[in-house]
Amino acid sequence: MDDIDNIILHSLRQIDCDLDEDIQGLEQFTPSILVRTISKCLLLIDPSLELPQTLPPGMAQRFTVTARLAEACTAVGYRRDIGYQTFLYSNVAEVRRVFMFLIEQLPKDSTDSADPEAPFDRVTDLENRILENMRQQLQGAWRKDVITPLDLRNSTLGWPSRANIPFVTQSDVTAEIKEYWLRRSGLWEEEKDEVDRRAPENAASTEDSILKLQAYYAQNKSQPAFAEVLEDLGGLPARLDQLDALEQEIAKIQSAIDESRCEQRDLHTKRKEVEESAKALEKVTEKLKEEKKIKERTHILLENPEVNVAKLETIIAAAGEKMKKLQSQWEAHRAPLVATLEEHQAKNSDQVSKSQKVLDQIEAARHKSEEVIVDLQTKSALHARLVQEYERMGKTVSRTAYTSRILEIIGNIRKQKTDIDKILHDTRSLQKEINSITGQLDRQFTVTDDLIFRNAKRDEHCKRAYILLVALHTECSELIALVQETGTVKREVRELEDQIENEKDRNVVTNLAQIEQDLAEMQQESRRLEEAVHQLEASSGRNGTK
């Protein structure tokens, strides 16, 4: 049984049951562990069940919870006797049977933590690894040696490698400020820009640098804008007044633009209305022109009606004759064409039926190939998942030992079955022999009784022998009955001994002690509830009197 308990414990740990490593057998299971593990198994078998995961402290709630678990086990197909006592006052044999049934009913992929519906292939595996890597990077701490969007010194994301500030060169910046920016922002480089290479490097202050810049830009006329800006710095207040005036003019122009846009929208709306009315007038004009043409033709016909009517009748008669000739010619050409068409249609229908059959076969083959491909993909994903699960599974479980142990148990069972069959065969043979001897004895007694009874009327010795024969037969029958009763009693004794052993295995003494403790707790709870009820009645009575 230790091997069976190890298999059960291994299966429970595979389905994420929280079992301590100290638990090595089912006899160490407490009622709370039983409730937690059996509830986990039942939820995996039928997720629609609503079962508690823990055992409550109150005795009434415990009885309710364990009764619900017993009903759930019966609902999933457990046929043996089960109730609240199986969980609260359990024995190892009953618990082992319950766990063996539940583990057999577990779904095959219950120990797989991944989604069984998700296909497993190389692309999915790559995506999972990418997501896992990103998750680890996001959860990790930021380091200075890692380039981040805020670290612009080593960034390659297109940030400018140099801060070009007008009229300020590196010679204008003190060593402390340059060192600070080199350490913090990374926007300054040790290389010199174009101005630094041409300007002198022995300037000591900002004013000297600006004077030298003015002299430099006066000599180099290719960039006169900087000098002009430096000269215009003195007229800053006048420029501010000009900016205010310009802002006011811009505001006026903006308001005029807004008014013009409103007028434009109104004109656009009117234009659409005029275009719609013009389209309507064009349609009316076209109708009037058509009516005018018809009236003009009618007027021309009405100027000389008799001649015009005769001309029309002649034209109509000629058109009728021409129509008849064309119809006869059409019929002459139509008959062979219709016959040819019917012949081609018959041939085409045969070809269409054959092609339809071929198309049906192709469609069936295509559906079958798709099913085979889907089946192959499913089995490939299942194989890959099983291989991954096998590689991830711990190597501590010795399947060879389990297999050899199972084969040994099967061999012992077969040997016991052979011995039982032999004993049954001997028992049947002995019973047949007993029946045969009993029948032979009855027949001999009947014959002997008849012979002695006939001679007993004439001979006193035969009469005495007949009396002794009857007494012997009666005593032998009593002895046989006593032997049978003795066998029955011995069999009942063995059955009682087996029942006593079973009761010893059920830990009756421990269960009785637990039942007495639970009964005491329930009595205490009942007394507390009665006291609470009396207090409520007393308080309600006082409130009523008030």
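**Close-up views of helix packing and a pocket**

**View 1. Helix 2 against helix 5.** Leu34, Thr37, Ile38, Cys41, Leu42 and Ile45 of helix 2 meet Val95, Val98, Phe99, Leu102 and Gln105 of helix 5. By class, this contact of helix 2 with helix 5 holds nine nonpolar, two polar and no charged residues. Contact means heavy atoms within 4.5 Å. Ala, Val, Leu, Ile, Met, Phe, Trp, Tyr, Cys and Pro count as nonpolar, Asp, Glu, Lys and Arg as charged, and the others, Gly among them, as polar. Helices are DSSP runs (H or I, at least four residues), numbered from the N terminus. The model is predicted, with local features needing pLDDT of at least 70 and side-chain atom pairs counting only at pLDDT 80 or more, while totals for chains, interfaces and linings use all residues. Residues are numbered from 1 along each chain as its sequence is written, and side-chain values use heavy atoms, with hydrogens and water left out.

**View 2. The axes of helix 2 and helix 5.** The axes of helix 2 (residues 31–45) and helix 5 (residues 92–105) come within 9 Å and cross at roughly 25 degrees. Axes are lines fitted to C-alpha atoms, for helices over the stretch in contact, and angles run from 0 to 180 degrees between N-to-C directions. Helix 2 and helix 5 are therefore roughly parallel to each other. Angles under 35 degrees count as roughly parallel, over 145 as roughly antiparallel, 65 to 115 as roughly perpendicular and the rest as oblique.

**View 3. Helix 1 against helix 5.** The axes of helix 1 (residues 2–14) and helix 5 are 11 Å apart, at an angle of about 50 degrees. Helix 1 and helix 5 are therefore oblique to each other. Ile4, Asp5, Ile8, Ser11 and Leu12 in helix 1 meet Arg96, Phe99, Met100 and Ile103 in helix 5. The residues of this contact are six nonpolar, one polar and two charged.

**View 4. The second largest pocket.** This pocket has a volume of about 610 Å³. Of its 21 lining residues, Ile434, Ile437, Thr438, Ile480 and Gln484 are the closest to its centre. On a 1 Å grid over the protein atoms alone, a pocket is an open set of points where a 1.4 Å probe fits, with protein on both sides within 12 Å along at least five of seven lines; lining residues have an atom within 4 Å of a point. The volume is the space filled by probe spheres set on the points, which are joined across faces, edges and corners. Helix 13 (399–456) and helix 14 (460–505) each supply at least two lining residues, and helix 13 gives the most, with 12.
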